[in-house]
Amino acid sequence: MAVTPLDLPISKEKLDEINAHLRTLNPEDILKWSLDHLPGLHQTTAFGLTGLVAIDMLSKITTTPPPLIFLDTLYHFPETYELIEDVKTKYSVPVHVYKPDGCNDVKEFEQKHGEKLWETDEDTYDFVVKVDPARRAYKELGVKAVITGRRASQGGDRASLQPLEIDSTGLLKLNPLFEWNFHLVEWYIKENNVPRNKLLDQGYRSVGDWHSTVKVAEGQDERAGRWAGKEKSECGLHKDYFTMKAQAKTAMPAFFIPYCGLHILNRIYIYLLYLYKGIMYNVIPSFHGSVALRALHKPPPSRSPKFVVSARLTAESNYASHSIKARYSFQGFLKTVITTQLPPALSLRSFPTLVYRCPPAIVVTIPDFGPGGCNFPPLPVIRSRAIELQVFTHRSFFARPTHIFEDHPDDPSPDNEKFEHLGDAVLGLSVTSLMMQMYPGLRVGPSTKIRALIVGNATLAEISLKYRLPDRLRLHPAQAITLRASTHIQADVLESFMGGLYHEQGLEAVRRWLDPLFKPYATAAYQLVRTQHGLPALPTPTSSPRSSSPPDTAAPAPMTTIGHLALFNQHLQKADRSVEWIYSDFSEGNDADLGVPDEAAVRGTKTTPVWFVRVLVDGEFYGKGRGNTKKAARNEAAKVGLEKMGIFVW
Ligand SMILES: Nc1ncnc2c1ncn2[C@@H]1O[C@H](COP(=O)(O)OS(=O)(=O)O)[C@@H](OP(=O)(O)O)[C@H]1O
């Protein structure tokens with residue numbers, strides 16, 4: 001019988017007709033049908049059991065099975081990579097591997113996107129590791145239809161799965177095993193001797209990235225081990241492409257501006273104003289002397305291709321202490337970075353074009369840690385010399401090989417990896433408990449983001465250095481300099497210390513040390529993530545954060561000096577409106593157009609300046625204000641602006 005491939009696109013009626021037919025067929029026949037009717041057919045697979053069944057069935061139906069597409073997130077288990085090789089050997093089917101754009105390995109990925117992107121920004125992670133590589137694959141390989149390994153019995157979004165679907169990009173998705181349950185799939189694999197992931201013998205049932213896959217208990221749902229404890233149940237590959245794209249903050253890569261001299265300031269605010277084709281960036285301080293910028297919005301079409309960052313670091317009482325200016329030029333990717341510390345006199349006024357049409361500044365507070373760790377809680381003492389020695393012994397010291405399964409009980413050369421492993425868990429537990437104590441109402445999503453900021457390598461390395469832990473490490477002499485300078489090693493020795501302390505003295509001793517240590521970090525990270533969620537920052541305590549009690553999140557956020565301004569900015573940002581602040585400090589005589597009364601009482605003095613500001617929204621006057629700081633003045637003007645917008649706050 002002559003067969004004709006489907007003419008694309010197909011109508012809804014045609015799709016219904018096809019599905020009615022496919023529902024009467026068994027998986028082998030659905031696959032046979034697809035070979036005859038679906039143009040540009042490929043199989044997308046993570047080498048899950050279902051996909052493996054389809055691969056095996058196809059190998060028995062045709063000598064030229066559809067090529068496979070594997071999206072290598074770079075975070076698959078070694079066992080998955082091993083399985084791919086087994087499949088290639090057994091079936092001789094071509095496998096096209098697509099990785100995150102511009103990243104060949106985890107190192108390159110983390111350089112581009114930071115560590116643990118799946119924790120700090122799940123949507124962007126999904127887009128970068130799966131959705132975007134899939135689009136590239138489809139485009140480059142001329143894919144019009146894919147076979148997937150989804151089944152209705154997997155539940156969630158898949159519960160009403162049809163044999164054939166069309167997604168919003170026009171891609172046809174065939175789900176030949178849509179009606180099979182897990183046991184049938186398992187049975188087929190065994191019966192037909194299909195290669196399978198070795199992890200399945202260890203209690204895993206559905207395998208994805210190692211960081212989001214755990215074993216499941218007997219009787220648990222097959223997908224319970226994926227993103228366990230989270231609402232999430234899909235990696236984004238089978239969600240709406242355009243929604244995924246819009247959610248991902250990938251218009252530009254995140255990158256870092258190192259800044260020096262920061263630690264000499266006590267309380268620091270960072271103002272970042274930025275402009276690159278109108279893209280707005282948000283600011284992620286790493287507590288480590290660097291600031292990450294991540295694009296939030298897609299650029300509008302016609303803006304200057306120049307990118308300027310002005311990071312202004314100011315001590316609380318002195319508005320003009322430090323400024324940093326960085327210029328970047330792009331050609332698809334970051335090309336040059338010049339970071340300079342500018343003289344104190346330089347202020348935002350030096351960047352009039354930047355301030356104009358600039359998105360609202362995001363204010364971030366860095367915890368009040370003095371240099372040299374003088375404000376840190378003292379480092380507890382590990383009493384046992386043997387434990388202490390082990391805590392400070394790096395694997396390189398005894399040149400230990402990496403592939404040992406188990407140490408001998410009388411191991412003569414113990415290193416600190418096990419303590420580090422334990423310390424990592426103790427740290428996670430301690431910080432999570434601390435956050436529940438400080439912010440009892442906080443949901444798991446933001447809490448995870450905050451924890452990731454706090455326990456990131458950069459923060460741990462900073463703390464480790466302040467306690468001078470890396471100096472005490474026993475390292476192989478040939479590698480000592482390099483290893484001691486590594487952020488990873490610095491962070492690891494801190495974790496190893498936590499593990500050793502826990503092992504000897506228990507959780508209470510660890511918490512006595514870690515709670516006061518991490519409280520200021522938690523406070524700062526909480527404020528930051530709150531702002532990222534579009535909420536006004538809670539008032540920052542004026543004393544050292546360590547001495548302050550945690551904010552009561554159950555109470556409504558009071559409207560503080562920051563409050564009106566943040567709310568105003570938030571509304572404008574949402575409505576995508578431009579805002580311009582025009583300042584005068586009166587003494588410079590450029591306040592004529594502000595309508596400032598010419599009275600000494602409102603003029604201010606050199607030591608107590610009075611700032612005046614007018615705010616224009618899309619060029620229209622919205623309000624004016626005055627205050628002893630620019631921010632206070634802006635806040636006053638924002639209050640008026642909010643009223644003009646019909647928003648009344650107390
Ligand atoms: N990394 C990767 N590369 C290519 N194709 C992939 C990938 N991840 C998921 N898929 C496709 O989605 C099917 C279901 O996968 P999962 O059940 O693991 O869920 S999830 O998509 O990861 O949420 C999966 O089915 P299998 O072929 O059984 O793996 C594939 O069709």
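Is Tyr241 buried or exposed? At 14% relative accessibility, Tyr241 counts as buried, because buried means under 20%. The model shown here is predicted. The close-ups below start with this residue and its ring partner.

**View 1. Phe127 and Tyr241 form a tilted ring pair.** A pair of aromatic rings is described by the distance of the centres and the angle of the planes. Here the centres of Phe127 and Tyr241 lie 6.3 Å apart. Their planes meet at 35 degrees, so the pair counts as tilted. Phe127 sits in helix α7 (residues 122–141), and Tyr241 in helix α9 (residues 241–247). Phe127 is buried, at a relative accessible area of 5%.

**View 2. Phe568 and Trp581 meet edge-to-face.** The ring centres of Phe568 and Trp581 are 6.0 Å apart. The planes stand at 65 degrees, so this pair is edge-to-face. Phe568 belongs to helix α17 (residues 561–574). Trp581 belongs to strand β15 (residues 579–584). The pair therefore ties together parts that are 13 residues apart in sequence. Both Phe568 and Trp581 are buried.

**View 3. Five aromatic residues join in a cluster.** Which residues are they? Ring pairs link Tyr75, Phe109, Trp118, Tyr125 and Trp210. The count of aromatic pairs in the model comes to 18.

**View 4. The ligand sits in a shell of 22 residues.** Thr44, Thr45, Gly51, Arg223 and His238 come nearest to the ligand. The shell divides into 8 nonpolar, 8 polar and 6 charged residues. Now look at the backbone contacts. A backbone N or O atom of Ala46 lies 2.9 Å from a ligand oxygen. A polar backbone atom of Leu71 is 2.9 Å from a ligand nitrogen. For Cys235, a polar backbone atom is 3.0 Å from an oxygen of the ligand. On its own, the ligand has 580 Å² of accessible area, and the protein covers 97% of that area. The largest share, 3 residues, comes from β2.

**View 5. Helix α19 runs from residue 630 to residue 644.** How many residues does helix α19 have? There are 15. From first C-alpha to last, helix α19 reaches 21 Å. That is close to the 21 Å expected at 1.5 Å a residue. Buried residues in α19 include Lys630, Lys631, Arg634 and Asn635. Ala637, Ala638, Gly641 and Leu642 are also among the buried ones.

View 6. Most residues other than glycine have a negative phi, and most peptide bonds are trans. The peptide bond from Leu8 to Pro9 is cis, with omega near -5 degrees. Pro9 lies in the segment before α1 (12–22). Ser92 is not a glycine, yet has a positive phi of about 45 degrees. Ser92 is placed in the loop between α4 (78–91) and β3 (95–98). At 61% relative accessibility, Ser92 counts as exposed. Arg468, also not a glycine, has a positive phi of about 55 degrees. The loop between α14 (457–466) and α15 (480–484) holds Arg468. Arg468 is exposed, with a relative accessible area of 56%.

Methods
Residues are numbered from 1 along each chain as its sequence is written. This is a predicted model: local features need pLDDT of at least 70, side-chain atom pairs count only at pLDDT 80 or more; totals for chains, interfaces and linings use all residues. Side-chain values use heavy atoms; hydrogens and water are left out. Helices (H or I, at least four residues) and strands (E, at least two) are DSSP runs, numbered from the N terminus. The expected span of a helix is 1.5 Å times one less than its number of residues. Buried means under 20% relative accessible area, exposed over 50%, partly exposed in between (1.4 Å probe, protein chains only). A residue is near a molecule or strand if one of its heavy atoms lies within 4 Å of it. A polar contact is a pair of N or O atoms within 3.5 Å; within protein, one must be able to donate a hydrogen and the other to accept it, and residues adjacent in sequence count only if both atoms are side-chain atoms. Accessible areas come from the Shrake-Rupley method with a 1.4 Å probe; for residues, only the protein chains shown count as cover. Ala, Val, Leu, Ile, Met, Phe, Trp, Tyr, Cys and Pro count as nonpolar, Asp, Glu, Lys and Arg as charged, and the others, Gly among them, as polar. Rings of Phe, Tyr and Trp (its six-membered ring) pair if their centres lie within 6.5 Å; planes under 30 degrees apart count as stacked, over 60 as edge-to-face and the rest as tilted.
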